[in-house]
Amino acid sequence: MQIKYEREKYGHILANWGVIRQSFVERHGLKDKDLDVLLYFYGTEEGYFRYEDFLLYRRAFPHFRNRFKSYMKNGWFTHYRRTSPGKCAIFTLSRKGSNAIGHLYMQLFEDIPIRYHTAHLSRAGNPMPLH
């Protein structure tokens, strides 16, 4: 019953997932697995996590390399609380990460229009629709 209501309210939200995902990774210069990481940590309890949580996530995906430092360096993660005596560091998605994922969700729920073209497909400068 709940699924039927959600479908009536939002349509089939995953119908555009491929286009939204591809647009996101191209725009931000990421890979699909990086998007998976950002979505996972966006959804963590209250948005906070420890480095050990990242390692636990990484262990679930053996092909996933430890990219924590690159997420910090590129501004996707930030410190919520730095390490202090008796307390471990707490991290959260940065404003950049939260805004990017929030934008992705707004596209998914059709609150903002979805871009159906990519610059590299259009050689003459005119966007070509994908559907």
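Reader: How much of the contact in the chain with a separation of 6 or more comes from residues 24 or more positions apart?
Author: Such residues account for 45% of the contacts in the chain with a separation of 6 or more. The model is predicted, and every value here is computed from it.

Reader: What is the pattern of helices and strands along the sequence?
Author: The chain has six helices and three strands.

Reader: Why is helix 3 called oblique to helix 4?
Author: Helix 3 covers residues 32–42 and helix 4 covers residues 51–60, and they pack at an angle of about 130°, with axes 12 Å apart. Roughly perpendicular covers 65 to 115 degrees and roughly antiparallel starts over 145, with the rest counted as oblique. The angle therefore makes helix 3 oblique to helix 4.

Reader: Which residues make that contact, and of what class are they?
Author: Helix 3 contributes Asp36, Val37, Tyr40 and Phe41, while helix 4 contributes Asp53, Phe54 and Tyr57. By class, the contact of helix 3 with helix 4 has five nonpolar residues, no polar ones and two charged ones. The crossing of helix 3 and helix 4 is right-handed.

Reader: What makes helix 2 roughly antiparallel to helix 6?
Author: Their axes cross at roughly 155° and come within 10 Å. An angle over 145 degrees counts as roughly antiparallel, so helix 2 is roughly antiparallel to helix 6. Helix 2 and helix 6 also cross in a right-handed way.

Reader: Where do helix 2 and helix 6 touch?
Author: On helix 2 the contact uses Trp17, Ile20, Phe24, Arg27 and His28, and on helix 6 it uses Ala100, Ile101, His103, Leu104, Gln107 and Leu108. The contact of helix 2 with helix 6 has seven nonpolar, three polar and one charged residues.

Reader: Why are helix 2 and helix 3 described as roughly perpendicular?
Author: The axes of helix 2 and helix 3 cross at roughly 100° and come within 10 Å. The range for roughly perpendicular is 65 to 115 degrees, and helix 2 and helix 3 are therefore roughly perpendicular to each other. In this contact Trp17, Arg21, Phe24 and Val25 of helix 2 meet Asp32, Leu35, Leu38 and Leu39 of helix 3. The residues divide into six nonpolar, no polar and two charged.

Reader: How much of the chain is buried, and which residues have the most contacts inside the largest nonpolar core?
Author: Of the 131 residues in the chain, 30% are buried. The largest nonpolar core has 25 residues, and those with the most contacts inside it are Phe24, Val37, Phe41, Phe54 and Phe77. At least two residues of this core come from each of helix 2 (17–28), helix 3, helix 4, helix 5 (68–73), strand 3 (90–93) and helix 6 (95–108). Helix 3 gives the most, with five residues.

Reader: What does Phe77 touch beyond its neighbours within four places in sequence?
Author: Phe77 is in contact with Val37, Leu38, Phe41, Phe49, Phe54, Phe68, Tyr71, Met72, Thr92, Leu93 and Ser94.

Reader: How do you know that Thr92 is buried?
Author: Buried means under 20% relative accessible area. Thr92 has 16%, so Thr92 is buried. Thr92 lies in strand 3. Leaving out residues up to four places away in sequence, Thr92 touches Gly47, Tyr48, Phe49, Trp76, Phe77, Thr78 and Tyr80.

Reader: Why is Gly97 called buried?
Author: The cut-off is under 20%, and Gly97 has 0% relative accessibility, so Gly97 counts as buried. Gly97 lies in helix 6. Beyond its neighbours within four places in sequence, Gly97 is in contact with Gly75 and Trp76. Gly97 and Phe77 are 20 residues apart in sequence and 7.0 Å apart in space, C-alpha to C-alpha.

Reader: What makes Tyr42 count as partly exposed?
Author: Buried is under 20% and exposed is over 50%, with partly exposed in between. Tyr42 has 34% relative accessibility, so Tyr42 counts as partly exposed. Tyr42 lies in helix 3. Not counting residues up to four places away in sequence, Tyr42 touches Leu93, Ser98, Ile101, Gly102 and Tyr105. Tyr42 and Leu93 are 51 residues apart in sequence, yet 6.7 Å apart in space, C-alpha to C-alpha.

Key
Residues numbered from 1 in each chain as written. Predicted model: local features only at pLDDT ≥ 70, side-chain atom pairs only at ≥ 80, totals over all residues. Heavy atoms only, no water. Axes fitted to C-alpha atoms, helices over the stretch in contact; angles between N-to-C directions. Helix = DSSP H or I, 4+ residues; strand = E, 2+ residues; numbered from the N terminus. Parallel < 35°, antiparallel > 145°, perpendicular 65-115°, else oblique. Left-handed = near helix turned anticlockwise from the far one by under 90°. Contact = heavy atoms within 4.5 Å. Nonpolar A, V, L, I, M, F, W, Y, C, P; charged D, E, K, R; others polar. Core = buried A, V, L, I, M, F, W, Y, C linked by side-chain atoms within 4.5 Å. Buried < 20%, exposed > 50% of the residue type's maximum accessible area, 1.4 Å probe, protein only.
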